[in-house]
4 protein chains.
Amino acid sequence: MTPKVSEEYKEEKKKEIIQAAATVFGSNGFYSTTMDDLVKASGISKGAIYHYFKSKEEVYEHMLQQQVEQTIQVLTDKFSHVHSSIEKIAVLFDLYTSNEWLKEPKLNSVRNQLEHWIAGSREEERAKFERHSKIFHDLINSILEEGRDSGEVSRKLNTSHAAKLFWSMIDGMLLHASVLPSFSYLQIVKTAKEMYISFLQKGNLG
Amino acid sequence: MTPKVSEEYKEEKKKEIIQAAATVFGSNGFYSTTMDDLVKASGISKGAIYHYFKSKEEVYEHMLQQQVEQTIQVLTDKFSHVHSSIEKIAVLFDLYTSNEWLKEPKLNSVRNQLEHWIAGSREEERAKFERHSKIFHDLINSILEEGRDSGEVSRKLNTSHAAKLFWSMIDGMLLHASVLPSFSYLQIVKTAKEMYISFLQKGNLG
Amino acid sequence: MTPKVSEEYKEEKKKEIIQAAATVFGSNGFYSTTMDDLVKASGISKGAIYHYFKSKEEVYEHMLQQQVEQTIQVLTDKFSHVHSSIEKIAVLFDLYTSNEWLKEPKLNSVRNQLEHWIAGSREEERAKFERHSKIFHDLINSILEEGRDSGEVSRKLNTSHAAKLFWSMIDGMLLHASVLPSFSYLQIVKTAKEMYISFLQKGNLG
Amino acid sequence: MTPKVSEEYKEEKKKEIIQAAATVFGSNGFYSTTMDDLVKASGISKGAIYHYFKSKEEVYEHMLQQQVEQTIQVLTDKFSHVHSSIEKIAVLFDLYTSNEWLKEPKLNSVRNQLEHWIAGSREEERAKFERHSKIFHDLINSILEEGRDSGEVSRKLNTSHAAKLFWSMIDGMLLHASVLPSFSYLQIVKTAKEMYISFLQKGNLG
DNA sequence: CATGAATGAGCATTCATTCAT
DNA sequence: TATGAATGAATGCTCATTCAT
């Protein structure tokens, strides 16, 4: 009646698989990665992987989900001690230039997300993307609303548009960074930060 | 002895194939598109396709190349009658909100480019991406340099960084637009335009 | 954790495949035999075959290798109780007229070897043929050297040339036998035996 | 009514194709040679080749036929001024060590013949091989019969067996020579010549 | 629970042959 | 006659998924 192995054991195992998945999918992409690659990378047998996940697709999605959650976690943690809206935005930009973001795994994660977006956008799973996006959108949007209420950012600002613009910029820069070695990532993000904050303070004119 | 068929005929045929390729790769991506899909979409036999291109990969790359060239062509055409730098940048933003850019084929093209970037970034073909990127970068960079010399844009502006930021924003917005139906594309691009132009006039502070 | 399947099981499986391969390659040759033929003949799925061998080529080569080893084994076994050199050569000729050599499988094996030789001789795999040939050459050469030392065969004999001549004759006769039904194989081999042994005793004159 | 082009023209064209065929089939074998290879090698269009021959197979067979005829021609020419049987056999052996036999084209021709034999022997075309073989067999057989009648060769000789043995040896040596670079062809043929002639003079004992 | 052998549909590519010009 | 573009059946190989042990 009691499960043979603990729930923790199972979760641990899933984590292991997802960890390896992040590596292999990150370096070869979804389509070019085979289950055998995953077996090799994880040291876990094919049967076992299929015991925990019902398809390659599912492994991939769990990996993505976990990366999104992790990212959200990191972002909200960063805010916990910051109270100014502008300051929060600044912290966010700084996060994207921090050391932890410049390591391979993070960029691989970005590639995974983008690949999934692009490949998946052709199907009926748009809804899922919308859900993910909304989380990120709302995070920024609420910061900006706070700022608008407190007068920190321009009253004329359309916060939703500004939030979407924020993530467009971030994703655009990450995309270029993950693809072009010559992209002067740090400098560009710094430039973007100045531009964006200045824009927030001045607001939309149109 | 008979001079076979004209070069134009062959070019025409290649175009036909590439046209069909844009459709099928655009809706299913490189990996999920089969040569049979292409055969069906183009109405051209498999053998014939292989007569003109030596692999699926090659069809794909020719399609991308052609799309890049077409885009560059459109961009430079737009500039031919514009002399102010700021004006040129404005025209560019306007282009991305024009009717022709809101049609499916264009967004499919974007998806294709991005998919290729992301999937390809894992290998040794970075050089090709760099080359493509450089073309786009230089286009903006030289506009900004002109503007700096003429005093239209801030003297303090690092034009190269600003150019890279420009394309990051554009690609980021296109990415979101091509993936998220709810993305208020027109408004966001308009917002970005204001933010960016205002930034150009004020320049980097750091 | 469970120790999968035994090594013997795997070897057994490989043998099964090779056995079937000998049949189908034997009757249709390398090029005209398809993997589907092999699947049908072996009753083993395509995937399984590719699990054990990484290409059609590899199946073929393992089959050849195994046939060579088997032949060498049979030859050396025959010698174990024979001490005279001339006697050994005689035993060899007799082997080639024995019942087991007149069955289809054996002749198919010969055809396989020859086909591989001929088709392969056009490439860089000569080295492999040389290696195989050397084994056969050395076998005869050492017998003849023994015979020369013991005075059984002519002192004037160039043993290496004689060894090469031996295999040329054997292969030539097998070739004709495997191709021409009217070739009076038994009689010819018997004739060759007398000619060759008489030649050994007399030696080269040139 | 009169043919548009002369018969000679057509024959000339066929010769050209066959010439090129000998080269490409000789270096790559029947299966690995494509019609495009033949087009490239001959400089004649695919359509034209199919105008003169109705299939790849047919080109191949005409090429073989022509090589057989050529060989027979050369052999009989060599005999025209030789009257002794033993002398004729000697001349034959010498032919196979002559300069013209050591050139690539000849060995390619051998490979072609052998490949065709081996690959074809699996089907219903044995009859054709028998016919070819018979020509060669009869050539030697009649020489030996003459010799037996004149007392030059042993009365006890079974001329048919001896003839078959002759060609087995020749083909065996050519096979080895065409496959093994280290095969000391000249020496071996010389050795074979001595052995065989000595055998003829002594005859079968069995 | 774990293992990896087995399955077979699916895919890119080749190539002999045909045929419009 | 000559040309080479077009055809499509055939083929070797891959890989997600299943399942006996």
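These are my notebook entries on what I looked up in the predicted model shown above.

**Ground rules**

I number residues from 1 along each chain as its sequence is written, and I letter chains from A, and would number ligands from 1, in the order in which they are written. Since the model is predicted, local features need pLDDT of at least 70 and side-chain atom pairs count only at pLDDT 80 or more, while totals for chains, interfaces and linings use all residues.

**Entry 1: chain A by itself**

I began with the secondary structure, taking helices (H or I, at least four residues) and strands (E, at least two) as DSSP runs numbered from the N terminus. Chain A has 9 helices and 0 strands, and its pattern along the sequence reads α-α-α-α-α-α-α-α-α. I then looked up the extent of its C-alpha trace, which spans about 60 × 45 × 35 Å along the principal axes.

For burial I used this rule: a residue is buried if 20 or more other C-beta atoms lie within 10 Å of its own, exposed if 12 or fewer, and partly exposed in between, with C-beta atoms placed from the backbone. By that rule, 36% of the 206 residues of chain A count as buried. For contacts, two residues qualify if their C-beta atoms, placed from the backbone, lie within 7 Å. Among contacts in chain A between residues at least 6 apart in sequence, 64% join residues at least 24 apart.

I also checked the record: an unreviewed UniProt entry gives the annotation "DNA-binding region" for residues 34-53 of chain A. UniProt positions are given in the numbering used here, feature names are shortened, and annotations may be inferred rather than shown by experiment. In the model, that stretch of chain A is 75% helix and 0% strand, with its end C-alpha atoms 15 Å apart.

**Entry 2: chains A and B**

Here I found 46 residues of chain B in contact with 47 residues of chain A. On the side of chain B that touches chain A, the elements giving two or more residues are helix H1 (7-32), helix H6 (104-120), helix H7 (126-150), helix H8 (159-179) and helix H9 (185-202) of chain B. The largest share of that side, 12 residues, comes from H8(B). Its residues divide into 19 nonpolar, 17 polar and 10 charged, where Ala, Val, Leu, Ile, Met, Phe, Trp, Tyr, Cys and Pro count as nonpolar, Asp, Glu, Lys and Arg as charged, and the others, Gly among them, as polar.

How are the two copies related?

**Entry 3: chains C and D**

I next found 46 residues of chain D in contact with 45 residues of chain C. H8(D) gives the largest share of the side of chain D that touches chain C, 13 residues, and the residues of this side divide into 20 nonpolar, 17 polar and 9 charged. A rotation of 179° with 0.0 Å of shift along its axis superposes chain D on chain C, with RMSD 0.1 Å, and the two copies are thus related as by a two-fold rotation axis.

**Entry 4: inside chain C, and the cores**

Is C:Gln67 buried or exposed? C:Gln67, in helix H4 (residues 56-79) of chain C, counts as buried, because it has 20 C-beta neighbours inside 10 Å. Not counting residues up to four places away in sequence, C:Gln67 touches C:Ser109, C:Asn112 and C:Gln113.

For H8(C), 18 of its 21 residues are buried, so this helix is largely enclosed by the rest of the structure.

Last, I looked up nonpolar cores, each a set of buried Ala, Val, Leu, Ile, Met, Phe, Trp, Tyr and Cys residues joined through C-beta atoms within 7 Å. The largest has 85 residues, of which C:Ala21, C:Phe166, C:Met173, D:Phe166 and D:Met173 touch the most other members. Apart from it lies another core, of 82 residues, among them A:Leu92, A:Tyr185, B:Trp117 and B:Ile118.

Methods
Copies are superposed by least squares on the C-alpha atoms of residues with pLDDT of at least 70 in both.
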